[in-house]
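Subject: Structure handover

Hi,

Here is the structure for you to look over. My notes follow below it.

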Amino acid sequence: MEIQLWREILTPYDLAVRELIVKFEHLIYEHRSRGLYSPIEQVTGRVKTVASILDKAQKKNIPLDEIEDRLVDIAGVRIICQFVEDIQKVVEIIRRRTDMEIIRERDYINHMKDSGYRSYHIIVWYEVQTLEGGRRIKVEIQIRTLAMNFWSTIEHSLQYKYKKNIPDHIREKLTNAANAIISLDNEMSSVRSEIMDAQNSSQLHSRIVADILNNIQNLYRIANKREVAKIQDEFYRIYELNDIDQLKRFSGELDVIAEGYRAQSVPSSEADVDMQGD
Ligand code: 0O2
């Protein structure tokens, strides 16, 4: 058998994981920057350690030179959602993407494993560019709720501690906890729209405040300092009212003032540009 240079073998997997994290995080950003609720809450990823690869190959009787063909989770990305309903939304997003091709899906949400494990798994082909050209990499994407992730993280650590032979009394507690997680996710789903509204308005609030402060900062450079100080005092007064409609109104008025100053300062700068162009 050829000598296996693990660092070289794993480099494209590392690239795939890092690229996919950026792409899924960008989806969060796209949703939030448009004021939309993001079905993705967090994204993490990892390349399996060599020890874990060797363990799994041994357990599944996979010859070392077939590892890359037969192990599908050397590269793993985990997408965490707030609500069970979000999982299917993320699955749809992945199905629509053209930069990953689905090899297979496993629904451990509706078909919980005997251990109590719940998660949605999608194995995809994903292409990375390396010095040798394009390489198609298999990546396992696990999609689950925050609560499911909490359970599986704890259970995974216990599996590691007890070398997969978790004592019965602990197994029983884990089963109880898995049932509690189902109830917790169901309870959260029943107040999903209220929670989403609360989060959306909190994001909207932060965006309006950021816009106002940005306008004040810009005005500070071009407007009369006393007028800007008055605007800032007015902002703090309205902020304390804790009323989003008042903040929106103030932000709109400030936009008009800022636009007025911008309009005043444009002719000279445009003239500068025109002169430079001549
Ligand atoms: P690690 O350490 O997380 O990498 P397959 O050949 O694909 O049919 P496989 O790989 O066992 O067989 O597929 P499966 O069952 O879909 O599991 C893939 C991964 O899901 C596991 O990878 C775990 O990360 C997770 N998983 C599956 N079952 C359980 C479970 O009962 N508890 C926990 N905590 N996680 C689970 P690895 O390589 O086993 O582990």
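About 550 Å² is buried between domain 1 and domain 2, and carbon and sulfur atoms give 52% of that area. Buried area here is the accessible area (1.4 Å probe) that two parts lose on being put together, summed over both. On the domain 1 side, Arg-32, Tyr-37 and Phe-83 supply 64% of the area buried against domain 2, more than any other three residues.

Before you go further, note that this is a predicted model: local features need pLDDT of at least 70, side-chain atom pairs count only at pLDDT 80 or more, and totals for chains, interfaces and linings use all residues. Residues are numbered from 1 along each chain as its sequence is written, and side-chain values use heavy atoms, with hydrogens and water left out.

**Domains**

Domain 1 covers 5-167 and domain 2 covers 195-277. These bounds come from an automatic or database domain assignment. The domain centres, taken over C-alpha atoms, are 43 Å apart.

Six residues of domain 1 contact six residues of domain 2 (contact means heavy atoms within 4.5 Å).

**Salt bridges**

The whole structure has 18 salt bridges. The criterion is a side-chain nitrogen of Lys or Arg within 4 Å of a carboxyl oxygen of Asp or Glu. One of them joins Arg-34 and Glu-30, at 3.3 Å from N to O. Arg-34 is exposed, at 60% relative accessible area. Glu-30 is partly exposed, at 31%. The cut-offs: buried is under 20% relative accessible area, exposed is over 50%, and partly exposed lies in between (1.4 Å probe, protein chains only). Glu-101 and Arg-136 form another salt bridge, at 3.0 Å from N to O.

**Aromatic pairs**

The structure holds five aromatic pairs. Rings of Phe, Tyr and Trp (its six-membered ring) pair if their centres lie within 6.5 Å; planes under 30 degrees apart count as stacked, over 60 as edge-to-face, and the rest as tilted. Phe-235 and Tyr-236 have ring centres 5.3 Å apart and planes at 45°, so this pair is tilted. Phe-235 also pairs with Phe-250, stacked, at 6.4 Å centre to centre and 25° between the planes. Phe-235 is buried, at 4% relative accessible area, while Tyr-236 is partly exposed, at 43%.

Best wishes
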